[in-house]
Amino acid sequence: MLQKPESGVLPVPLVEGEMDGSHDGETQALTVSQEEAPSPLLKESPEEDLDAVKEEGAAEPALTPKGARALAAKTLARRRACRRLDRTVAELVQFLLVKDKKKSPITRSEMVKYVIGDLKDLFPEIIARAAEHLRYVFGFELKQLDRKHHTYILMNKLKPPEDKEEDLGGDGPRLGLLMMILGLIYMKGNSAREAQVWEMLRRLGVRPSKYHFLFGYPKRLIMEDFVQLRYLNYRRVPHTNPPECEFSWGPRSNLETSKMKVLGFVAKLHKKEPQHWPVLYREALADEADRARAEASIRPRARARANARAGNHRW
């Protein structure tokens, strides 16, 4: 089982300057929904981004070669900016988790100095997205202590309120990581290649084979705990060369959670409703119906066995 480590390492400073003064959107950023908050679950590959460039170009059939190059350059710059923003969010999450070990308030100036740097004008968006990942993935709530001095603290939420009835094997960070993996598997068609899982962790700022102060060694946690405890299945994909392996839901995950609950978890990360993915939503509804029928068929047999035991006891 996961044991809590004793120390962490602060990120290397990016810039020397700090940001002073107030920001009107800072407090609202922790509570107001962001219209587009990319999640590691639904990140698209560079190839898919290039396809988007082609589609944009296809919308302009009379585009000149010079115009096409300008469009491609603009799209590439936008993609790089998005990747940098995603990386900064992941780095801020790790910075906040490390700082929380000292149980001292975290200031905005520290975040800007050590992590955000010249993206300080995007502070409200960055901290809002970091707060979402802290809440749903790691089980922490980011709270602003003092608006005047811009100080924050992390509050440990052992389990998401909507999942109190579930076990899923552990504490907030552990539960969040497992739910992220289950969500990725479901979004990928009920199985996810091993490389996709490791890539998702990297986008969260967690290196699979490197020690993490919340998870220990994440790859070991997944392979030795989640797989051996039957939360995940792990198998080789047939007819792959070089050999590839994939993860799917294990029997224990099917018992302790459901597709609808995991889809709801994913939807919260994306600020969407589960119906935003109609195919997955219909599949989750069918799964709920199957579970209800199975439970209904078990009840009469359980009552019959109880009555039989009661009758034997009377004799």
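**Close-up views of the predicted model**

**View 1. The largest nonpolar core of the predicted model comprises 66 residues.** Within this core, Met-111 and Leu-232 have the most contacts. Helix H6 (residues 172-187) supplies the largest share of the core, with 11 residues. In soluble globular proteins, nonpolar side chains tend to be buried together.

View 2. Apart from neighbours within four places in sequence, Met-111 is in contact with Leu-92, Phe-95, Leu-96, Ile-106, Ile-116, Phe-123, Ile-127 and Tyr-152.

**View 3. Helix H10 is largely enclosed by the rest of the structure, because 10 of its 12 residues are buried.** The buried residues are Lys-259, Met-260, Val-262, Leu-263, Gly-264, Phe-265, Val-266, Ala-267, Leu-269 and His-270. The end C-alpha atoms of H10 lie 16 Å apart, in agreement with the 16 Å that its 12 residues should span at 1.5 Å a residue. Lys-271 follows H10 and has a positive phi, near 55 degrees.

**View 4. Lys-259 belongs to helix H10 (residues 259-270).** Lys-259 counts as buried because its relative accessibility is 17%, under the 20% cut-off. A polar contact of 2.8 Å joins the side chain of Lys-259 to the side chain of Glu-283. When neighbours within four places in sequence are left aside, the residues in contact with Lys-259 are Tyr-186, Asn-190, Trp-249, Glu-283, Ala-284 and Asp-287.

How values were computed
Residues are numbered from 1 along each chain as its sequence is written. This is a predicted model: local features need pLDDT of at least 70, side-chain atom pairs count only at pLDDT 80 or more; totals for chains, interfaces and linings use all residues. Side-chain values use heavy atoms; hydrogens and water are left out. Helices (H or I, at least four residues) and strands (E, at least two) are DSSP runs, numbered from the N terminus. Buried means under 20% relative accessible area, exposed over 50%, partly exposed in between (1.4 Å probe, protein chains only). A polar contact is a pair of N or O atoms within 3.5 Å; within protein, one must be able to donate a hydrogen and the other to accept it, and residues adjacent in sequence count only if both atoms are side-chain atoms. Contact means heavy atoms within 4.5 Å. A nonpolar core is a set of buried Ala, Val, Leu, Ile, Met, Phe, Trp, Tyr and Cys residues joined through side-chain atoms within 4.5 Å. The expected span of a helix is 1.5 Å times one less than its number of residues.
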